[in-house]
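Student: Could you walk me through this model, taking the helix packing and then the aromatic rings?

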Amino acid sequence: MTIAVVPSQNSEPVFHLIDEHEHPEGASTMLGFWLYLMSDCLIFAILFATYGVLSGNYAAGPAPKDLFDLKLVALNTTMLLLSSITYGFAMLTMEKSRVGATQAWLAITGLFGLAFICIELTEFAHMIHEGAGPQRSAFLSSFFTLVGTHGLHVTCGLIWLVTLMTQVARFGLIEANRRRLMCLSMFWHFLDVVWIGVFTFVYLLGMLR
């Protein structure tokens, strides 16, 4: 509640009480994070569009059929999907205020995410070893940019995950930590959705070219 001073005609101040709208704690944080996710959507939309335009420019180099190992990519996809499921379990245990179980599910999520990154780096290293680096053709440049940007996001998510686990270990499931875990949940599931698009648009359709 705010007190406003308004001058009157007889030069004596008149005091008015002004009721302010109440804002839930953390509302601005959640709104800001949604705005960030929308900006990230635009970034990935641009990268997908760029790949769509350049994916057929092989410069007499290797094509997707020559490079992609769908079994390895399917394993990688499974790792990320499982990490999304385990994060969901972490959020359920968080709602029950079970710190130990929440930490355990977060740790499992981190292991799945780490496995995803390791498999992706193995794929990149193999392609570069075969002479199919990002400088080889426009197709490979756009491929490495799109998939690498997603991998960078997952890496940042893992760092964020470890940071939050440390915060929960020190301070427990306080309201601020719950809010941060919710933001990371949205970020992690967002990366899951983006990867499904990568798997379908880049790998599956690439093998049909």
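This is a predicted model: local features need pLDDT of at least 70, side-chain atom pairs count only at pLDDT 80 or more; totals for chains, interfaces and linings use all residues.

Student: At what angle do α3 and α6 cross?

Tutor: The axes of helix α3 (residues 70-95) and helix α6 (residues 175-207) come within 10 Å and cross at roughly 160°, which makes α3 roughly antiparallel to α6 (angles over 145 degrees count as roughly antiparallel). Helices here are DSSP runs of H or I with at least four residues, numbered from the N terminus, and axes are lines fitted to C-alpha atoms over the stretch in contact, with angles running from 0 to 180 degrees between N-to-C directions.

Student: And which residues make up that contact, nonpolar, polar or charged?

Tutor: The contact of α3 with α6 divides into 19 nonpolar, 6 polar and 3 charged residues, where Asp, Glu, Lys and Arg count as charged, Ala, Val, Leu, Ile, Met, Phe, Trp, Tyr, Cys and Pro as nonpolar, and the others, Gly among them, as polar.

Student: Switching to rings, how many aromatic pairs are there?

Tutor: The structure holds 20 aromatic pairs, counted when ring centres of Phe, Tyr or Trp (its six-membered ring) lie within 6.5 Å, with planes under 30 degrees apart called stacked, over 60 edge-to-face and the rest tilted. One of them is the tilted pair of Tyr-51 and Phe-139, at 6.3 Å centre to centre and 55° between the planes; Tyr-51 lies in helix α1 (residues 27-54) and Phe-139 in helix α5 (residues 138-171), 88 residues apart.

Student: Is Tyr-51 buried or exposed?

Tutor: Tyr-51 is buried, with a relative accessible area of 1%, and Phe-139 is buried at 0% (buried means under 20% relative accessible area, exposed over 50%, partly exposed in between, with a 1.4 Å probe and protein chains only). Tyr-51 also pairs with Phe-201, and their centres are 5.9 Å apart with planes at 70°, so that pair is edge-to-face.

Student: What happens just after α5?

Tutor: Just after α5, Gly-172 takes a positive phi of about 80°.

Technical notes: Residues are numbered from 1 along each chain as its sequence is written. Side-chain values use heavy atoms; hydrogens and water are left out. Helices (H or I, at least four residues) and strands (E, at least two) are DSSP runs, numbered from the N terminus. Angles under 35 degrees count as roughly parallel, over 145 as roughly antiparallel, 65 to 115 as roughly perpendicular and the rest as oblique.
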